[in-house]
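Thanks for coming. I will go through one structure today, starting with the fold as a whole and then moving to the helix packing.

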Amino acid sequence: MPSKLHGWFRIRSKKLSFLTNLEIQRSASPAKRRSVLRTLQKSDVFFRYLTQSSAYFVLVLLTAIFGSLIAGGYLAFSTFGVSFLTTEVWNPVTEQFGALAPIYGTIVTSAIAMLIAVPISIGIAVFLTELCPMALRRPIGVAIELLAGVPSIIYGIWGLFFFAPFLQHYVQPALIAAFEHVPILNNFFAGPPYGIGILTSALILAMMVLPFITAVCRDVFETVPPVLKEAAYGMGWTTREVVKNVVIPYTRVGIIGGVMLGLGRALGETMAVTFVIGNAHRISASILAPGTTISATIANEFTEAVGDLYTSSLIALGLILFFITFVVLALARLMLMRIEKKAGA
C-alpha cells in the first residue's frame with residue numbers, strides 16, 4: 001500500500017509540474033517567448049555544428065595519417081616496387097627489404113587467434129546470459145572485465161617466461177608426435193619445439209581478444225527481448241535451439257561487430273607478440289617456427305633504423321598494416337549490409 005501511494009504522489013507531482021510550466025509559458029509575453037525560442041535555436045545550431053565538426057575532424061585525422069604514411073613509405077615503394085610486397089628478405093646491412101614475412105605473420109597469427117577466441121567467447125557469453133546461476137554472473141563478468149584491462153606487456157612477459165616453456169615441454173612435442181604421420185598436417189606441426197613462435201603468439205592473442213569479444217557478445221545477448229525466448233521455450237525448444245534460432249540470429253550484427261573489434265586488436269597488437277613470436281624474418285609452413293609481424297618489426301627496429309631507406313621501409317610496413325585493417329573493416333561492413341539485406345528480404 002505505501003508503494004502504491006508513493007507511485008500515485010510521484011505521478012501527481014509530475015502532472016502538477018507540467019501544468020505549472022504550461023501556465024508559465026502561457027502567461028509569458030510574446031517578446032519573452034521569441035527570446036527563448038531564439039536562444040534555443042542558437043544552442044541547437046551550435047550543437048549541430050559542434051557534432052558535425054567532430055565528425056569531420058575524424059575524417060581529417062584519418063586522411064592525415066594515411067597521407068603521412070604514404071609520404072614516409074614512398075621511398076621504399078619507389079625503390080623496390082611490387083617486390084617489396086613479395087620478397088621475404090629483410091637485411092638492413094645490404095638494404096634489401098621485403099614485407100612478405102611480416103605480412104604473413106600478421107595474417108596467420110590473427111587468423112589462428114580468431115579461430116580460437118571467437119567460439120570460446122560466444123560460448124562464455126551464452127553461459128553468462130542463459131545458463132549461469134545469478135550468484136555467479138557478476139563475479140565472472142568482473143573477472144572478464146579485469147582480464148580485458150591487463151596491459152599487453154604483462155601478457156608478453158607471462159607468455160615468455162611461463163606459457164612458452166609450458167608449450168615447449170608439454171604441448172608442442174605432443175602436437176609433433178600426433179601429426180608426424182599425417183600427410184598434410186605434419187607440415188604445420190614440423191620442426192623442433194622452440195616454445196616461442198607463431199602458435200604461441202596466436203594463443204596469447206586469443207587470450208587478449210577473448211574478453212573484448214565476450215563482453216560485446218554478452219551485452220548484445222542481453223538485448224534480446226525476453227518474450228522471444230519465452231515463446232521459444234513455450235514451444236518446447238531446448239536452450240541450444242533457443243540460442244541457435246533466436247539469440248544468435250537476433251544479435252548477429254552485434255556479434256560481428258565484437259569479432260571485428262577483437263580482430264582489430266589482434267592485427268595491431270605489438271608488445272605481447274614481440275615477446276613470444278621469435279622475431280625471425282622468414283616464412284615457414286610450420287606454425288611452431290618463429291616468425292614476425294608488422295607491428296613487432298616496427299617496434300623492434302624503428303629506433304635502430306639507420307638511413308632513409310630503412311626508415312621508409314618500416315613506415316611502408318605501417319601503411320600496409322593500415323591498408324589491411326581498412327580492408328578487413330570494409331569487408332566486415334559489406335558482410336553486415338548483405339546480412340541486413342537478406343533479413344529485410
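**Overall fold and helix packing**

Among contacts in the protein between residues at least 6 apart in sequence, 72% join residues at least 24 apart, where contact means heavy atoms within 4.5 Å. This is a predicted model, in which local features need pLDDT of at least 70 and side-chain atom pairs count only at pLDDT 80 or more, while totals for chains, interfaces and linings use all residues. Residues are numbered from 1 along each chain as its sequence is written, and side-chain values use heavy atoms, with hydrogens and water left out.

The protein has 13 helices and two strands; these are DSSP runs numbered from the N terminus, helices being H or I of at least four residues and strands E of at least two. Of the 345 residues, 34% count as buried, that is, under 20% relative accessible area with a 1.4 Å probe, protein chains only.

Now the core. The largest nonpolar core has 65 residues, and those with the most contacts inside it are Phe84 and Phe221. A nonpolar core here is a set of buried Ala, Val, Leu, Ile, Met, Phe, Trp, Tyr and Cys residues joined through side-chain atoms within 4.5 Å. Helices that each supply at least two residues of this core include H2 (30-80), H4 (100-131) and H13 (308-344). The largest share, 13 residues, comes from H7. Leaving out residues up to four places away in sequence, Phe84 touches, among others, Phe77, Trp90, Phe97, Leu317 and Ile320.

Next, H7 against H10. Their axes come within 9 Å and cross at roughly 160°; axes are lines fitted to C-alpha atoms over the stretch in contact, and angles run from 0 to 180 degrees between N-to-C directions. That makes H7 roughly antiparallel to H10, the term for angles over 145 degrees. On the H7 side, the contact residues include Phe212, Val216 and Phe221; on the H10 side, they include Gly254, Gly258 and Gly262. By class, this contact of H7 with H10 has 13 nonpolar, three polar and one charged residues. Ala, Val, Leu, Ile, Met, Phe, Trp, Tyr, Cys and Pro count as nonpolar, Asp, Glu, Lys and Arg as charged, and the others, Gly among them, as polar.

Last pair: how do H8 and H9 pack? Helix H8 (residues 226-234) and helix H9 (residues 239-250) are at an angle of about 150°, with axes 10 Å apart. H8 and H9 are therefore roughly antiparallel to each other. Leu228 and Tyr233 of H8 are among the residues making the contact, as are Val242 and Val246 of H9.

Notes
Angles under 35 degrees count as roughly parallel, over 145 as roughly antiparallel, 65 to 115 as roughly perpendicular and the rest as oblique. Buried means under 20% relative accessible area, exposed over 50%, partly exposed in between (1.4 Å probe, protein chains only).
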